[in-house]
Amino acid sequence: MTVGAWFRTDFDEPSVPASLPMELTTGMHPSVTIVDQMVRGRGIIGRITGDFGAVAVKVAGTGGPVRVTVSIGLDEVSTRWWADRVRPSRTTPELPRLVVLRAQGTIRGGAVLARRQGWRGAASAEAVLAFDLAEGELDADGLLLVELGETPPPSWATGRLSTRPVVGLRFNSIAVRESSSPAPVSLAEGSTGCDFAVLQPGADATHHLVTSPVPAAPPLPLTPRNKLTRRRPARAAFKAARAARRVAYRAMPVRPGPLSGVMAADVLTGTPIDVVVTGDEIRLPGPVDSPVLIGAARPQPTSAWRLR
């Protein structure tokens with residue numbers, strides 16, 4: 001009898017390893033064996049309830065190298081869950097979320113997510129990270145363990161990035177396929193929606209910065225906190241006030257202004273990294289070994305960045 005059988009009950013359903021190629025889009029699949037600080041979903045794998053979240057998936061790997069693609073998301077429910085736990089001021093706008101992704105216990109990359117305001121509501125944000133697992137990291141009897149966690153921001157970004165950034169985020173999907181040749185960690189191209197960006201491990205030293213104007217960040221959705229604010233008249237007033245602020249934010253003229261400077265720091269240690277800016281070109285001292293946060297020297301709340 002295996003050790004795991006000692007903890008099994010008549011109510012447990014046997015796990016079914018997912019064969020390759022695998023695309024997991026629901027938390028109800030029998031290959032999902034463990035979730036930690038996460039609520040399983042049907043249309044998504046799950047939503048994180050704490051300061052980190054992890055999911056373990058039983059995969060019938062071959063022992064060879066594989067390419068893993070993980071999609072994480074930030075939506076209205078994410079922000080409301082965060083606000084219910086952190087209890088910020090009603091006048092506080094949403095702040096970008098800086099998170100790191102681990103797989104098999106190793107940091108694989110990082111991402112920054114930010115929602116921006118539309119006329120009727122704020123848009124969702126999604127980050128898709130793809131990375132390689134080397135030969136032997138996922139064998140025939142192995143678990144694929146994917147974790148999403150936080151990291152302290154560098155001093156120059158304090159107050160500009162969300163605290164407890166993982167709370168409420170979604171694991172949208174996880175895909176695994178066999179890989180014949182290694183490839184660098186990649187983050188799906190597109191604007192970050194804010195004046196921050198993350199360079200992935202293995203990235204080149206030189207990149208081009210593309211900036212575009214975006215509306216200001218939306219006001220936070222807050223759940224009523226006491227008997228008075230739970231009453232229908234008060235709730236209706238809060239809802240109307242938030243809708244008015246949303247329209248006002250969207251109607252504000254978008255003027256990002258000239259780029260005042262660029263800062264860079266190691267995401268894991270916060271160590272500053274020298275960066276040289278020439279026009280739209282950003283140059284680091286050398287290739288990137290771990291995730292690097294790139295940000296404006298002074299806040300530009302109506303500017304969105306993209307690195308290429």
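Me: On what basis are residues numbered and features reported?
Reply: Residues are numbered from 1 along each chain as its sequence is written, and side-chain values use heavy atoms, with hydrogens and water left out. The model is predicted, so local features need pLDDT of at least 70 and side-chain atom pairs count only at pLDDT 80 or more, whereas totals for chains, interfaces and linings use all residues.

Me: How many helices and strands does the protein have?
Reply: Helices (H or I, at least four residues) and strands (E, at least two) are taken as DSSP runs and numbered from the N terminus. On that basis the secondary structure comes to 3 helices and 20 strands.

Me: What share of the residues in the protein is buried?
Reply: Buried means under 20% relative accessible area, exposed over 50%, and partly exposed in between, with a 1.4 Å probe and protein chains only. The protein has 308 residues, and the buried share of them is 46%.

Me: Among contacts between residues at least 6 apart in sequence, what share joins residues at least 24 apart?
Reply: A contact requires heavy atoms within 4.5 Å. Among contacts in the protein between residues at least 6 apart in sequence, the share that joins residues at least 24 apart is 78%.

Me: In what order do the strands of the open sheet that contains β19 stand?
Reply: Two strands pair if DSSP finds at least two bridges between them. Strand β14 (residues 196-199) pairs with β19 in the antiparallel sense over 4 bridges, and 5 bridges join β16 to β19, also antiparallel. The 3 strands therefore form an open antiparallel sheet under this pairing rule, in the order β14-β19-β16. β14 and β16 stand at the edges, each with a single partner strand, so one side of each is left without a neighbour in the sheet.

Me: Which residues of β19 stand opposite Ala197 and Ala265?
Reply: Ala197 has its bridge partner in β19, and Ala265 likewise stands opposite a residue of β19. The partner of Ala197 is Ile294, and that of Ala265 is Leu293.

Me: How many residues of β19 are buried, and which lie on each face?
Reply: In a regular strand the side chains alternate between the two faces of the sheet. Strand β19 (residues 292-296) is mostly covered, with 5 of its 5 residues buried. Both faces are covered: Leu293 and Gly295 lie on one side, and on the other are Val292, Ile294 and Ala296.

Me: Is Ile273 buried or partly exposed, and which residues does it contact beyond its sequence neighbours?
Reply: Ile273 is found in the loop between β16 (262-266) and β17 (276-278). Because its relative accessible area is 23%, Ile273 is partly exposed. Leaving aside neighbours within four places in sequence, Ile273 is in contact with Ala264, Ala265, Asp266, Leu284, Pro285 and Val292.

Me: What distance separates the C-alpha atoms of Ser155 and Thr271?
Reply: Ser155 lies in the loop between β11 (143-149) and β12 (170-178), and at 66% relative accessibility Ser155 counts as exposed. Ser155 and Thr271 are 116 residues apart along the chain, and their C-alpha atoms are separated by 9.6 Å.

Me: Which residue of β12 is the bridge partner of Val66?
Reply: Strand β7 (residues 66-74) and β12 pair in the antiparallel sense over 8 bridges. In β12, Val66 is partnered by Glu178.
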